[in-house]
Amino acid sequence: RGFFSLAPAPTAKSFTERRVVPFTAKQVFDIVTDVDRYVEFLPFCVESRVTRRASDDLMYAVMGVGFKVFTESYTSEIRMRTPREGAGGRVDIKALDSPTFSTLISSWRFQPCAGEPDACEITFKVDFTVANPLAAAAVSNFFGTIAEQQMRAFAKRCERVYAAGAPKARAPATPAAPAPSSSSYTMMGRRRMLQRHAISGPPPQSSAAAPAPSAAVAVPVSRLRYSRGEAKPSLRAASPSSARAGTLRSPSM
């Protein structure tokens, strides 16, 4: 018996992942059908390129998958149904010429959530049968987590694309206050001066610039001096300037 006759028969496997996301069915549909950008964010995707668009509901693309020593490239047929208001959408992707898989089909379902117009339920399912027995073990381990990883990658892609385009909240503009007039500045200055005086008292006055008091200052008679020939003045108050000078002259009679 040959070596390959001892290998186990191909086994069909299937994996399914479901998740509710805060995006509309149409938004998620647009991300899943943007095949040319798969290589930018999808795990293990080494090539993604649309080769032909047959119609609005059908296109063909080249897909490349790489995992450790396993590398696969194949042509895929992609059939689409765009979500409508109140109705879900779908995307079915089928490998046509894979050397490793005799069957490789992945499908997406987008169902709007009742009562939540900005949310939808996504169901992703992958079915495959490995044709090459030598690659069966490695491929089975790889596809055992592919459904969960693909779902997580597409959800993060939606967050990145739609969160970046959402408008940012801005605080309401505050109207500018009118400029104060000159009289306002004067009143503000007087108010501040009175506040400073109330706290620390009036500022000290310089002796050189001290103004003369308006009331007369009483000077003792004993400190008065007289010039010869002058009559003794009456006991009237002298001005402060004369008192500081040390000489008081009586007014002429």
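**A sheet, a helix and an enclosed cavity**

The count comes to one cavity of 30 Å³ or more in this predicted model. The volume of this largest cavity is about 340 Å³. Its lining takes in 22 residues, and those that lie nearest the centre are Leu-42, Val-65, Tyr-74, Ser-106 and Gln-150.

Seven strands make up an open sheet with antiparallel pairing, in the order 1-7-6-5-4-3-2. Strand 1 (12-21) and strand 2 (45-55) sit at the edges; each has a single partner strand, so one side of each is left without a neighbour in the sheet. On average, and with direction ignored, neighbouring strands of this sheet are turned by 15° against each other.

Strand 4 is a handy place to look at the pairing in detail. With strand 3 (residues 58-67), strand 4 (residues 70-81) pairs in the antiparallel sense over ten bridges. Within this pairing, Gly-64 has Ser-73 of strand 4 as its bridge partner. Turning to strand 5 (residues 89-95), six bridges join it to strand 4, and these two strands also run antiparallel. Here Glu-77 stands opposite Lys-94 of strand 5, while Arg-81 has Arg-90 of strand 5 as its bridge partner.

Helix 1 comes next. It lies across five strands of the model, namely strand 1, strand 4, strand 5, strand 6 (101-113) and strand 7 (116-130), and runs at about 155° to strand 6. Which residues of helix 1 are buried? In this helix (residues 25-32), they are Ala-25, Val-28, Phe-29, Ile-31 and Val-32. These residues cover an arc of only 160° around the axis, which puts them on the same side of helix 1.

Terms used. Residues numbered from 1 in each chain as written. Predicted model: local features only at pLDDT ≥ 70, side-chain atom pairs only at ≥ 80, totals over all residues. Heavy atoms only, no water. Buried < 20%, exposed > 50% of the residue type's maximum accessible area, 1.4 Å probe, protein only. Helix = DSSP H or I, 4+ residues; strand = E, 2+ residues; numbered from the N terminus. Arc of directions from axis to C-beta. Pairing = 2+ DSSP bridges. Axes fitted to C-alpha atoms, helices over the stretch in contact; angles between N-to-C directions. Contact = heavy atoms within 4.5 Å. 1 Å grid on protein atoms, 1.4 Å probe; cavity = no way out; pocket = protein on both sides within 12 Å on 5 of 7 lines; lining within 4 Å. Points joined across faces, edges and corners; volume = space filled by probe spheres on them.
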